[in-house]
Amino acid sequence: MSQESEESQEREDEQEQSRGFRVTDRRRFSFESGEPGSAEAANEKRDAGPEKESPTPDTTQSDDPQETASSPPVEITFSSFILGLSTQALMYLGEVPPATDQIASTDLFAAQQMIDVIAMLQRKAVGNLDAGEAQMLESILFDLRMRYVELKKKERSP
């Protein structure tokens with residue numbers, strides 16, 4: 001009985017994934033020509049013709065030239081999540097430049113908050129981490145705290 005319910009659930013999931021989604025343009029003007037009302041007329045023509053499904057999100061091309069359609073999505077693990085948080089903390093400490101053309105600046109309050117978030121996750125995850133994750137967390141927190149203290153000392157001394 002449980003095998004039948006699992007198979008029916010799998011069939012439902014496959015049907016749901018194959019449906020895709022439909023996009024309706026509701027702008028009051030055409031993007032290409034800028035003329036009022038032409039987008040509505042285009043929608044009516046599109047609705048009258050055979051319905052085409054939009055491609056699913058995983059098959060669309062990204063506008064970002066660094067991302068390619070052939071690259072698989074990155075799996076988020078606990079380690080990658082913590083590394084992302086530590087990178088944000090390093091950015092707030094001025095150690096990592098932001099992704100934009102802005103010059104790296106320091107925000108010690110935001111850095112302290114990010115360090116506190118990582119420490120909270122370390123406390124909450126006690127007993128659920130493998131040895132490598134626990135060591136990584138300990139190292140990251142030590143490094144971030146030392147960098148924070150150095151910057152705090154520099155800020156206090158003229």
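Contact here means heavy atoms within 4.5 Å. The model is predicted, so local features need pLDDT of at least 70 and side-chain atom pairs count only at pLDDT 80 or more, while totals for chains, interfaces and linings use all residues. Residues are numbered from 1 along each chain as its sequence is written, and side-chain values use heavy atoms, with hydrogens and water left out.

Stepping back, the chain holds 5 helices and 0 strands, in the order α-α-α-α-α from the N terminus on. Helices (H or I, at least four residues) and strands (E, at least two) are DSSP runs, numbered from the N terminus. Of the 158 residues, 18% count as buried, that is, under 20% relative accessible area, with exposed being over 50% and partly exposed in between (1.4 Å probe, protein chains only). Among contacts with a separation of 6 or more, 54% come from residues 24 or more positions apart.

Back to the pair we began with. The axes of helix 4 and helix 5 come within 10 Å and cross at roughly 155 degrees. That makes helix 4 roughly antiparallel to helix 5; angles over 145 degrees count as roughly antiparallel, under 35 as roughly parallel, 65 to 115 as roughly perpendicular and the rest as oblique. The axes are lines fitted to C-alpha atoms, for helices over the stretch in contact, and angles run from 0 to 180 degrees between N-to-C directions. Helix 4 passes helix 5 in a left-handed crossing, meaning that the near helix is turned anticlockwise from the far one by less than a right angle (clockwise would be right-handed).

Helix 4 itself has 17 residues and reaches 24 Å from its first C-alpha to its last, close to the 24 Å expected, which is 1.5 Å times one less than its number of residues. Its buried residues include Ala 110, Met 114 and Leu 121, and helix 3 and helix 5 are part of what covers the buried residues of helix 4. Is Gln 122 buried or exposed? Gln 122 is buried, because its relative accessible area is 19%. Leaving aside residues up to four places away in sequence, Gln 122 touches Leu 137, Glu 138 and Leu 141.

How does helix 3 lie against each neighbour? The axes of helix 3 and helix 4 come within 8 Å and cross at roughly 160 degrees, which makes helix 3 roughly antiparallel to helix 4. This crossing is left-handed. The axes of helix 3 and helix 5 come within 11 Å and cross at roughly 5 degrees, so helix 3 is roughly parallel to helix 5. Among the residues making that contact are Phe 78 and Leu 83 of helix 3 and Met 136 and Ile 140 of helix 5. After helix 3 comes Gly 94, whose phi is positive, near 85 degrees.
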